[in-house]
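Subject: Handover of a structure and notes on it

Dear colleague,

Please find below the structure that I am passing on to you. I would ask you to keep it open while you read the notes.

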Amino acid sequence: MSIEIELIPQGTRAEENGFGSAVDIRASKSRTFFCLLTITDQLEQESVDVSIWGSADGVTWAASPLLKWPQQFYRGETRAVLDLNLAPEVNFIRAGWELNRWGRVAPTPLFVLGLHLVEVPAMPQRVPSMQATAAI
């Protein structure tokens, strides 16, 4: 059974920079996740930077993100893969977001978004070998 994680619950209203809750991923067998960022509402003349951060203990977080999406300006879905196999020290992850607004109307940025992760099943360690014969 694969793990499913809501790093940012669907429909979260973000009006300022912030971080989501820490999620323990030690139960993951593959340590690889398919990530779906969904933006369902936003204002004009603003952007959001969404990232995933890692930690060994869930308290002290790395200086740079494990994964960062390209800056988003509009509604829609953006997919990415988070592979933690090369970061064995990471036991916890959390989402972060930074908002930027440059318009003249409302000074407060607004994005309604969600970030859903699904564990990608582990590949078998050994693939059974097959004998190939050529037809002549």
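This is a predicted model: local features need pLDDT of at least 70, side-chain atom pairs count only at pLDDT 80 or more; totals for chains, interfaces and linings use all residues.

The notes below describe the chain as a whole, then its core, its strands and its surface.

Residues are numbered from 1 along each chain as its sequence is written, and side-chain values use heavy atoms, with hydrogens and water left out.

**The chain as a whole**

The protein chain contains 0 helices and 9 strands. Here helices (H or I, at least four residues) and strands (E, at least two) are DSSP runs, numbered from the N terminus. Of the 136 residues in the protein chain, 42% count as buried. Buried means under 20% relative accessible area, exposed means over 50%, and partly exposed lies in between (1.4 Å probe, protein chains only).

Accessible areas come from the Shrake-Rupley method with a 1.4 Å probe, and for residues only the protein chains shown count as cover.

**The nonpolar core**

The largest nonpolar core has 28 residues, and those with the most contacts inside it are Ile52, Ile93, Leu115 and Leu117. Such a core is a set of buried Ala, Val, Leu, Ile, Met, Phe, Trp, Tyr and Cys residues joined through side-chain atoms within 4.5 Å. The elements that give two or more residues to this core are β1 (4-14), β4 (32-42), β5 (46-55), β7 (76-83), β8 (92-101) and β9 (111-119).

Leucine 117 deserves a look of its own.

**Two enclosed strands**

In β5, 10 of the 10 residues are buried, so this strand is largely enclosed by the rest of the structure. Both faces of β5 are covered: Glu46, Val48, Val50, Ile52 and Gly54 are buried on one side, and Ser47, Asp49, Ser51, Trp53 and Ser55 on the other. β5 and β8 run antiparallel and are joined by 10 bridges; two strands pair if DSSP finds at least two bridges between them. Within this pairing, tryptophan 53 stands opposite arginine 94 in β8. β5 also pairs with strand β6 (residues 67-68) in the antiparallel sense, over 2 bridges, and there isoleucine 52 stands opposite leucine 67.

Turning to β9, 8 of its 9 residues are buried, so β9 too is largely enclosed by the rest of the structure. β1 and β9 run antiparallel, with 7 bridges between them, and isoleucine 5 has leucine 117 in β9 as its bridge partner. β4 pairs with β9 in the antiparallel sense over 9 bridges, where leucine 37 stands opposite leucine 115.

**Salt bridges and a surface patch**

Side chains of opposite charge can pair when their charged atoms come close. A salt bridge is a side-chain nitrogen of Lys or Arg within 4 Å of a carboxyl oxygen of Asp or Glu, and by this rule the count comes to 4.

One of them links arginine 75 and aspartate 41, whose closest N and O atoms are 2.7 Å apart. Arginine 75 lies in the loop between β6 and β7 and aspartate 41 in strand β4, so the pair ties together parts that are 34 residues apart in sequence. Another joins aspartate 24 and arginine 26 (2.6 Å, N to O). Aspartate 24 is partly exposed at 39% relative accessibility, whereas arginine 26 is exposed at 52%.

Finally, Phe34, Val81 and Val120 form a nonpolar patch on the surface, with about 220 Å² of accessible area together. Patches are made of residues with over 30% relative accessible area and no salt bridge; like charges are joined within 9 Å, and nonpolar side chains (Val, Leu, Ile, Met, Phe, Trp, Tyr) within 5 Å. Valine 120 lies in the segment after β9.

With kind regards
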